[in-house]
Amino acid sequence: MKHIWPIFRREFAAYFATPLAYVFIVIFLFAMGAFTFYVGHFFDNNIADLSVFFGFHPWLYLFLVPAISMRLWAEERRTGTMELLLTLPIPLWATVAGKFLAAWAFIAVALALTFPIWITVNYLGSPDNGVIVASYIGSLLMAGAYLAIGACISATTQNQVIAFVITVAVCFLFCVSGAPLVLDFFRAWAPLALINAISSFSFLTHFQAISQGVIDLRDLVFFFSLIALFLTANVVVVDLKKSGG
Amino acid sequence: MIEIEGLTKRFGPYTAVSNLSLTVNKGEVLGFLGPNGAGKSTTMKMVTGYLAATAGRVRVCGHDVETDELAAQAAIGYLPEGAPAYGDMTARQFLLFIAEVRGFKGAEAKARVTAAVEKTELEGVLDQPIETLSKGFKRRVGLAQAILHDPPVLIMDEPTDGLDPNQKHAVRNLIRGMAKEKAIIISTHLLEEVDGMCTRAVIIDRGQIVADGTPAELLARSRYHNAVTIVLPATMRADALMKVKNLASVAGTEVTVNGDTVTVTAFPRKGALPIEDISALAVREKWDVKELHAEPGRLDEVFRAITTHDAAKTKASAA
């Protein structure tokens, strides 16, 4: 923990030291609002809940989270600070965890700033606040999973654009792995067990399960183990680059 | 304090560092020289744990860099090439971050930063973002970061690159001041720097050590070592040249004419000191001497001779 803390603090402060944080938060909130009210017809639905709002989260994260994760390692490599960071007496796992947690905390701040919409539905009607809390938790977990994937990919390159594009592509596959788009490709030849396994990787399925208001242990385990898996991969990638140069 | 044994680094088919062994003790300031691409930076990156070695081992203060990386890294102050730092932080924030990572807290962290800032004369720019600083200040922020925890081992990749002559002088004094208590490795392209602050010079070429000695020992390898240069009016050229050449201590001469003066450089026979003979000759002949001096040797010439000669030899043996 004592190793993670300085890294976390530096990374978290770095978001607010540049316009990045403010631009991101403004766009994030604007996009959330625009989708909810115009695309999702929030008012026309005449239902006091936030299912429309949360329904757009997987798709917004698909582009916004890679924009945060792309710089995590690629930027350090490009500016040479990677050499400084990796020669400081910090275990590599702590650096990986500190960076991830700082980015996650930053997304949590952006997500928390959507609270006016929660107030709005409570003003308009009497929604099930338990469902809304569960949805917020699910949304944050899903953002963490996108972020872990993005962090790992960012470590493989010093080009942020490449990191962004690949992350969007990989996250998209995870997002829709329960949909026919992906499953039809496998259905022709793969055994049923594999197809089930692939569809169980779908972020959408797990997120929708949580946002029904039921926080099932399986969904939590899914997101946490996915995060752990990609952060471990992140450590391995950085370590491999040490010997590859 | 730094023990390097059989260190090798290959990038694919390319060998950057080849079976390099070196020990640096406390009190030594080792100047690491070599042409671009000779493997200086790669070696430093392996010693500091940024790159993993293909073969060989490095121990810093007894800690193996591979198996006991954190302990080794805690003992090292490292200034990477180009002095990278987080540009969006101010110098103060950056140094406090380093202090915190190095395990200092609260008042002690502040005291450490203050001490490092004083040594590197950064007071004036402490609250400016690093990306707005000039190259010289950036370099000094990097230096401050490296010496902050008063490490027993200092490794600096071109510490004076980009500094003006006054700043270079200050950095050299700083390094000389710390030398007694530490083992220091400095890579540089500036040969006068080696003479000015290093107790030992190692020249590497193509990943291998091609020379290792004190700066004086390296100078002794120069063909200009103890050579004598005498400047005379151009009219005396033929007469003087013949008489200098005939001296027993002189092995050969080199002559250049500049307008109305002629410069004669006399190379000594092995172990001889022609300065005495030549000054006696000049007095005897009542020459109108404009200038007369013996040379300690020229490092740049030694450097060129060693690094290009070896390259040619490798080429020949490969063919």
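A residue counts as buried if 20 or more other C-beta atoms lie within 10 Å of its own, exposed if 12 or fewer, and partly exposed in between, with C-beta atoms placed from the backbone. This is a predicted model, where local features need pLDDT of at least 70, side-chain atom pairs count only at pLDDT 80 or more, and totals for chains, interfaces and linings use all residues. Residues are numbered from 1 along each chain as its sequence is written, while chains are lettered from A and ligands numbered from 1 in the order in which they are written.

Let's start with chain A. It has 14 helices and zero strands (DSSP runs numbered from the N terminus: helices are H or I, at least four residues; strands are E, at least two). A few overall values:

| Property of chain A | Value |
|---|---|
| Span of the C-alpha trace along its principal axes | about 60 × 50 × 30 Å |
| Buried share of the 245 residues | 39% |
| Radius of gyration, chain A | 19 Å |

Now for chain B and its helix α5, residues 135-147. Eleven of the 13 residues of α5(B) are buried, so the helix is mostly covered. Among the buried ones are F137(B), R139(B), L143(B) and I147(B). Their cover includes β6 (76-79), α3 (91-101), α4 (106-120), β7 (153-157) and α6 (165-178) of chain B.

Conventions: The expected span of a helix is 1.5 Å times one less than its number of residues. Two residues are in contact if their C-beta atoms, placed from the backbone, lie within 7 Å. The radius of gyration is taken over C-alpha atoms; the globule rule is 2.2 Å times the number of residues to the power 0.38.
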